[in-house]
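Subject: Handover of a structure

Dear colleague,

Please find the structure below, together with its sequence. My notes on its pockets, cores and aromatic rings follow.

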Amino acid sequence: MTFEEQVAEGAAVPTDGWDFSWFAGRATEERPEWGYVRLSGERLGRADAVLDVDTGGGEVFAEALSRAARVPGVVRATEAWAPNHALASAALEPFGGAVSMVDGADAPLPFDDGTFDHVMSRHPVSFPYAEAARVLAPGGTLLVQEVGAGSNRALYEFLMGPQADDDAAYTGRLRARVTGAGFEVVGLRDTLTRVEFLDLAAVVHFLRKVLWTVPDFDVERYRDRLRALHDHIAEHGSFVCHSRRTLVEARKA
């Protein structure tokens, strides 16, 4: 496919939900060794009332629920993007789940104090640790897989040029946020995982779907750099970068 054909294809793929099956044969990403879905299923099987924050299309939450030894009696989720709300509602309906729309990542969680005994989130835009502590009952547990600082740095710097780098201080800042919200940190694990893009269409779709990678991404704005990336893939067979994933396990004090 030509440069223009790949750009057009990547720009046309719907971005609803967190189903990444379209990338099959076009891009690969390693998963952290700890296995977020497996861990979530274990935690859910011991919980009575659970909340998934920034659930996206509900796919990951539904998979974790399907692995749980038993489904909690109260299953709730939040989502800020309207197209995902319908997808998540359908995905969680078999588990008796309900999805609440919130007005952006910094909006208060629409639940009473102490409502849940487990709160979780995979790749939130900006996880509200203080709000999570508020809606958790004393002794409640937290499981969050964050997109760590500097994730896919090689990709966004290829497009945007050198960016500020304080990645080394990230886990310390994160730990302070968690403890400052009233949690005891049970575990904090951090890892880099290999990401490989096999064609430019995959890059364009990824940047449209994972908006925080290049916040001002637009095909026309970055056309010259996309062409350079297309040439790089043609010469080397792929473009390789590394995502950063950080797992936070905590308990409300």
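A pocket is found on a 1 Å grid over the protein atoms alone: it is an open set of points where a 1.4 Å probe fits, with protein on both sides within 12 Å along at least five of seven lines, and its lining residues have an atom within 4 Å of a point. The model is predicted, so to speak of local features requires a pLDDT of at least 70, side-chain atom pairs count only at pLDDT 80 or more, and totals for chains, interfaces and linings use all residues. Residues are numbered from 1 along each chain as its sequence is written, and side-chain values use heavy atoms, with hydrogens and water left out.

The second largest pocket is lined by 23 residues, and those nearest its centre are Val147, Gly148, Ala149, Gly150 and Trp212. Its volume, the space filled by probe spheres set on grid points joined across faces, edges and corners, is about 510 Å³. Helix H7 (170-180) gives the most to this lining of the second largest pocket; helices (H or I, at least four residues) and strands (E, at least two) are DSSP runs, numbered from the N terminus.

The largest pocket holds about 750 Å³ of space. Of its 34 lining residues, Phe20, Glu29, Arg31, Arg122 and His123 lie nearest the centre. H3 supplies four residues to the lining of the largest pocket, the most of any contributor.

Next come the nonpolar cores, each a set of buried Ala, Val, Leu, Ile, Met, Phe, Trp, Tyr and Cys residues joined through side-chain atoms within 4.5 Å. Buried means under 20% relative accessible area, exposed over 50%, and partly exposed in between (1.4 Å probe, protein chains only). The largest core has 25 residues, and Phe217 and Leu226 are among those with the most contacts inside it. H8 provides the largest share of this core, six residues. Apart from it lies another core of 23 residues, including Leu51 and Phe116.

Finally, there are seven aromatic pairs; rings of Phe, Tyr and Trp (its six-membered ring) pair if their centres lie within 6.5 Å, and planes under 30 degrees apart count as stacked, over 60 as edge-to-face and the rest as tilted. Phe127 and Tyr129 are edge-to-face, because their centres are 4.7 Å apart and their planes stand at 65°. Both Phe127 and Tyr129 are buried. Phe217 and Tyr222 are stacked, because their centres are 6.0 Å apart and their planes stand at 20°.

Yours sincerely
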